[in-house]
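Please consult the sequence and the structure while reading.

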Amino acid sequence: MNVSQTAPTDAPLGRDRNIRRTAWAGIIGSVVEYYDFTLFGLAAALVFGPLFFPDADPATQIISSLLTFAIGYLGRPIGGILFSHFGDRIGRKPMLVTTLMLMGVATLAIGLLPTYAQVGLWAPVLLALCRILQGMGAGAEYVGSLVMMAESGDRTRLGVRVALPGMGVFGGIVIATGVFALISLLPQDALLSWGWRVPFFASIVTLGIGMWIRTGINETEEFLAVKATGRVVRFPLAEAVRHQWREILIGFGVNGPYLAFSSLTQVYLLSYLTGTLGYPASFGLVANLVSSALAIGVVPLAGHLGDRLGRRRVWLFGCGVFAIFGSLAFPLLATGSELVIVLTMVLGISFGLATLYATQGAILTALFDPQYRLSAVVLVREPTAALIAGPTPAFAAWLVLAAGGSAWPVTVFFLVAALVAAGTVLFAWKQLGRVESR
């Protein structure tokens, strides 16, 4: 059945115009989310240690500040489950406006925080609280953008549409990394006194743009059809677990390894370059910046290839890239060649991470029925984010410390994650093929 034929047609925007505006809403919302989260990750890797944990030795400072990065992921499942419940019952649009606002306010608050030198132990406590609130907003933000794109428009270009928020993801990473790279050029005293706050204040610009776009879009066609046919369920998360638990398990196998890749490449390797190999923070930021900028173009290309060749095949290609990257990354980073290091990061982020990001959204949203799609995708993403993505950078730092400075345990980590990601799709090959063709 064509959803557009069953949904109400008295929307304030025309269908084509609304699809375009919804695409921009997804892109800009993802820019805001990943600007905020990348900014926190960069600050945790580079400046939060001496600002909020000054009494610890350098290695403990890095681990402690990376743990504040991890704490945000504890808020993600809480916020995700809460907001997705209302997104499945009331509508996608009001949930997306609320989550965007919560994230933006929490990010601004981080820029206003006092440091340890000013208020003592209250400083890391307040930092953790802001991070949790930021995580609560992010818990349903990206998933909401994916669902909005999947439920607006026809199926022929679904892969490209659902990949568009991924462009916003890497766009947010580029903006945050570029801003922080500029700020890191300040003298150390200026950076640690006021410079680090400027990027957090700057988030108000993207927040304002995102709010303006999102308040002007229509509700999704599929959700309107669900309401029109009386299929809204009282407890969408419980219904998803009851009726589609197999699909939820598949989603865990797809999402968990991807989140490990993301945290390792975008957060841990930055701290490894600066803390272990001794490169200046500005160089690591530039390497991330170049890689993420290239990824913006790779994301829609991978989405298009998913529509043409099949998302399962494109996913397996991304897993293969990460197996190669994980095997070669640390020897290549240790060469001392800045060009080799940048190209290594390009391999991991621009090709591996971007390919998986572009494909994952279409796989996950297609797995679940629309009456509980938002809750089900949040259930798949956010608990694994709390358990895997958040702790992964600190865990990787601990592994290297426990191995006497050797990075081989992190290499094994990469390879195991690639094996699980590829194995899940191969195991569920036929089922994923059925939902892909719906």
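At which residue does α14 bend, and by about how many degrees?

## Helix α14

The bend in α14 is about 35 degrees and lies at Ile296, taken as the angle between axes fitted to the seven residues ending there and the seven starting there. A proline, Pro300, follows within four residues. Helices here are DSSP runs (H or I, at least four residues), numbered from the N terminus.

Helix α14 covers residues 281-309 and has 29 residues. From first C-alpha to last, α14 reaches 40 Å, close to the 42 Å expected at 1.5 Å a residue, where the expected span is 1.5 Å times one less than the number of residues. Gly310, with a positive phi near 110 degrees, follows α14.

## Helix α15 and its partner

Helix α15 has 23 residues and bends by about 35 degrees at Ser327, with Pro331 following within four residues.

Helix α15 (residues 311-333) packs against α19 (residues 408-427) at about 170 degrees, with axes 8 Å apart; axes are lines fitted to C-alpha atoms over the stretch in contact, and angles run from 0 to 180 degrees between N-to-C directions. The two helices are therefore roughly antiparallel (an angle over 145 degrees).

## Confidence and conventions

This is a predicted model, in which local features need pLDDT of at least 70, side-chain atom pairs count only at pLDDT 80 or more, and totals for chains, interfaces and linings use all residues. Residues are numbered from 1 along each chain as its sequence is written, and side-chain values use heavy atoms, leaving out hydrogens and water.

The chain averages a pLDDT of 85, pLDDT being the predictor's confidence in each residue, from 0 to 100.

Key: Parallel < 35°, antiparallel > 145°, perpendicular 65-115°, else oblique.
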